[in-house]
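Please have the sequence and the model open side by side.

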Amino acid sequence: MRRTVAVLTGVLLTVVATACGGDRGQTRVTPAPSPSGAVERPAVGDHQLTLSHGGADRRYLLHAPPGYDPTRPTALVIALHFYPGSGARLREMVGLDAVADRENFLVAYPDGQNGGFNALICCGTTDDVGFLKDLTAHLVRTWRADPDRVYLTGISNGGDMSFRAAVETEGLFAAIGVVSGGYSGPRTVAETYVPRRPVSVITFIGGQDRYAETFTEGVRTWQRRLGCTPATGRPQAGPPGVIRTDARCGDGSDVTVYTVANMGHSWPGAPTGELAAPDAGLVATQLVWDFFAAHPRRS
């Protein structure tokens, strides 16, 4: 089942509203696409690029912060959108570029084929695991992304894809940030369907999300299979209605789970957009990066 069915009406209304000037006066300069065959020149700014994979030109946006230096290794976050969606729509919603500008890391926003990624539940049959491998390799080689600090985040279909890529790309991603997405579906039935090398996880689950039980059970399964145990010490205080749990796994990875009681299928703290939850009581975008920054790749 496609997890964004419950918000499709909202998606359509948002698209219409945007077309009619419903962007609240916000403007963004759309980067011009690189011409076919052009040589990429790593530089500060916003870049609309393509990468050939599987006989198709896959599009992605790349944001390089003001402090970016192409001669020095730089952390990379790849952000995966919901279904149906695009990298541009996710970018506008979550505000990751502003965090990247403060913390000095690259952000890539790839487009799924036909509006989605071939994740654990849906969508399509495209080799998106292979695409993410090739995209990461390209950004490490051409843009000097630091291979020890490559991270993956996503919402809904993009969150599911983050879990799949964490398992099927050995040692590629140091950590993943999953928002309103889960570790479930036929691929996850096998007990052996877990990362072979440590991948830390931070995830956000809305208590009012129709898939909350599925997401919660998926995290429990992940932790059981990896031998995770609750972190010791006093639990950290959080906003009302928000529960945080932390666990350390047998392979040395960490799992942090935020459950937001009054939130649905959304991105906590996103100010605007079809899956935004501005009043959730916490800002997932900053929390995801803080978690990533504390979790470089483990050997």
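The paragraphs that follow go through helices, strands, disulfides and aromatic rings in turn.

This is a predicted model, in which local features need pLDDT of at least 70 and side-chain atom pairs count only at pLDDT 80 or more, while totals for chains, interfaces and linings use all residues. Residues are numbered from 1 along each chain as its sequence is written, and side-chain values use heavy atoms, with hydrogens and water left out.

Begin with helix H4, residues 128–143. Helices here are DSSP runs of H or I with at least four residues, strands are DSSP runs of E with at least two, and both are numbered from the N terminus. H4 has 16 residues, and from its first C-alpha to its last it reaches 21 Å, close to the 22 Å expected at 1.5 Å a residue. The expected span is 1.5 Å times one less than the number of residues in the helix. At the start of H4, a side-chain oxygen of Asp-127 comes to within 2.9 Å of the backbone nitrogen of Gly-130. After H4 comes Arg-144, which has a positive phi near 60°.

Which parts of the structure do the buried residues of H4 pack against? A residue is buried when its relative accessible area is under 20%, exposed when it is over 50%, and partly exposed in between, using a 1.4 Å probe and protein chains only. Among the buried residues of H4 are Val-129, Phe-131, Leu-132, Leu-135, Leu-139 and Trp-143. The buried residues of H4 pack against strands S1 (45–53), S2 (56–64), S3 (74–80), S4 (106–110) and S5 (145–155), and against helix H5 (157–168).

His-138 is buried, with a relative accessible area of 10%. Leaving aside residues up to four places away in sequence, His-138 touches Glu-40, Leu-51, Tyr-60 and Trp-143. Contact here means heavy atoms within 4.5 Å.

Helix H5 has twelve residues and reaches 16 Å from its first C-alpha to its last, close to the 16 Å expected at 1.5 Å a residue. H5 is mostly covered, with eleven of its twelve residues buried. These include Asn-157, Met-161, Phe-163 and Arg-164. The buried residues of H5 pack against S3, H4, S5, strand S6 (175–179), S7 and H6.

Now turn to the strands. Two strands pair if DSSP finds at least two bridges between them. S1 and S2 pair in the antiparallel sense over nine bridges, and Leu-49 has Tyr-60 in S2 as its bridge partner. The hairpin of S1 and S2 has two residues between the strands, and in this hairpin Gly-54 takes a positive phi near 60°. S2 also pairs with S4 in the antiparallel sense, over four bridges. His-63 stands opposite Val-107 in S4. In a regular strand, side chains alternate between the two faces of the sheet.

How many disulfides does the structure hold? A disulfide is a pair of cysteine sulfur atoms within 2.5 Å, and the structure holds two. With bonded cysteines counted along the chain, the disulfides follow the pattern 1-2, 3-4. One joins Cys-122 to Cys-123, with an S to S distance of 2.0 Å. Cys-122 is buried at a relative accessible area of 13%, and Cys-123 is buried at 8%.

The other disulfide joins Cys-228 to Cys-249, S to S 2.0 Å. The torsion about its S-S bond is about 90°, so this disulfide is right-handed. Cys-228 lies in the loop between helix H6 (212–225) and strand S8 (229–230), and Cys-249 in the loop between strand S9 (242–248) and strand S10 (254–260), so the pair ties together parts that are 21 residues apart in sequence. Both Cys-228 and Cys-249 are buried.

Last come the aromatic rings. Rings of Phe, Tyr and Trp (its six-membered ring) pair if their centres lie within 6.5 Å; planes under 30 degrees apart count as stacked, over 60 as edge-to-face and the rest as tilted. A search of the whole structure finds ten aromatic pairs. In one of them, the rings of Phe-204 and Tyr-258 have centres 5.0 Å apart and planes at 5°, so the pair is stacked. Phe-204 lies in strand S7 (residues 200–206) and Tyr-258 in strand S10, so the pair ties together parts that are 54 residues apart in sequence. Both residues, Phe-204 and Tyr-258, are buried. Elsewhere, ring pairs link Phe-105, Tyr-151, Trp-289 and Phe-292 into a cluster.

Key: Polar contact = N/O pair within 3.5 Å; in protein donor to acceptor, adjacent residues only side chain to side chain.
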